[in-house]
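Reader: Please take me through one part of this protein in close detail. I want the helix that matters for the packing question, and then its surroundings.

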Amino acid sequence: MVVAPANPMTGEPAATGSVPGSVAVAACAAMALFYVAILYSPTLILRLPPPSSLDCFMIRRFACAIVSSTISMVASAILLGFGRLEDLPSVLGVFGIRKDHLWQAVVFPLFLTSLLYAGSLVKKSWSLMSPCRGGRTNSGRGVRSHDCVRSDAQRFLNWASSCARNVMVWRNYVVAPLTEELVFRACMIPLLLCGGFKTYSIIFLSPVFFSLEVLHCLCSMILEKAHLNHFLELYFQQKYSFLKAFLIVGLQLGYTVIFGSYASFLFIRTGNLISPIVAHIFCNVMGLPTLSSSRTKGTATVACVAGLAGFCWLLFPATSPDLYNDRRDGCSCWHGYCSWN
């Protein structure tokens, strides 16, 4: 018998449940398959006519992703033994949906993740400063600087307005991070831990959890053709060699898997779902980290190395469970996961 942890907000005992390891793995695999398969239900199952535009197509997928996430949360809660309405506060706590320690759960993981992109941030800052630096003259320095600031402000407003109307922005920075973290972190990790898998096995070693992440990536690659289209574009249009195009797409896919491990680490350490969500959004905004750039005269490379060193140094201190919870009752993790086994 597995005893679920007390509600971290109230301290009240939660419901009890039993999840065999095989059931936990099967449930996680089913959630991963369902998350991808339901995206094609409007045309294959509901027999709706093909969408008339990209916006209509993506809105359908948004609705499917929300339905999939909701069903996965309900199924996970039932398997964990939270079958009553009064268990809602407890199950939300287990899923990491909390309002306490919110600023810590946002600021610390965001800062930690940004260290991995120190080179990218330096490169972007360099690009932003170059037009202003080149446009200054000794005779009109004040006017040029004022014009540059005003131009940058107008450019930012135009960019923000364009993003708000772009359905792909909503997919990449809102719907995908929220639903993927709900399913692949909030729903799966409690089941796997409750099923007897150790935390570091789930993050680094367990082929079961890795197969779930890889399955999600491969299904997205094959069904949505995102990586496949990118490969064809590199190979045929940009005239990259087959090996170079394959390595670029493979690097992106590997980066996605590595991020899944990092997001799981954040969720387990902080106990708050907002932590992997903000990291997910930030990584989607930044893309692949910049390792070097000739335009920055080596500054980006130095920043990248320093950022990586800072990330390794702060990884555990910045994600210490004590920063995100008032009390843990002597447990090594705020959720009480360590006592579930």
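Author: A residue counts as buried when its relative accessible area is under 20%, and as exposed when that area is over 50%. The model is predicted. By that cut-off, buried residues make up 43% of the 341 residues in the protein. The fold has 15 helices and two strands. Its accessible surface comes to about 18100 Å². Carbon and sulfur atoms account for 69% of that surface.

Take helix H3, residues 54–79. H3 has 26 residues. From first C-alpha to last, H3 reaches 37 Å, close to the 38 Å expected at 1.5 Å a residue. Glycine 81 follows H3, and its phi is positive, near 100 degrees.

Now the buried residues of H3. They include Met58, Phe62, Cys64, Ala65, Met73 and Ala77. The serines Ser68, Ser69, Ser72 and Ser76 are buried too. The buried residues of H3 pack against H1, helix H2 (41–44), H4 and H8.

Next, the largest nonpolar core. It holds 51 residues. Met31, Leu80, Phe95, Leu112, Met188, Leu191 and Tyr262 touch the most other members. H3 is one of the elements that give two or more residues to this core. Others include helix H1 (21–37), helix H4 (88–94) and helix H12 (242–270). H8 gives the most, with 11 residues. A second, separate core has five residues, including Met58, Phe62, Ala65 and Val175.

Look at phenylalanine 95. Leaving aside residues up to four places away in sequence, Phe95 touches Met73, Ser76, Ala77 and Leu80, among others.

Cysteine 187 is buried, with a relative accessible area of 0%. Which cysteine sulfur is closest to the sulfur of cysteine 187? The closest is in cysteine 28, 8.9 Å away, too far for a bond. A disulfide needs two cysteine sulfur atoms within 2.5 Å. The structure holds zero disulfides. Cysteine 312 is in another setting: cysteine 312 is exposed, with a relative accessible area of 53%.

Terms used
Residues numbered from 1 in each chain as written. Predicted model: local features only at pLDDT ≥ 70, side-chain atom pairs only at ≥ 80, totals over all residues. Heavy atoms only, no water. Buried < 20%, exposed > 50% of the residue type's maximum accessible area, 1.4 Å probe, protein only. Core = buried A, V, L, I, M, F, W, Y, C linked by side-chain atoms within 4.5 Å. Helix = DSSP H or I, 4+ residues; strand = E, 2+ residues; numbered from the N terminus. Contact = heavy atoms within 4.5 Å. Expected span 1.5 Å × (residues − 1). Areas by Shrake-Rupley, 256 points an atom, 1.4 Å probe, with all protein chains shown as cover.
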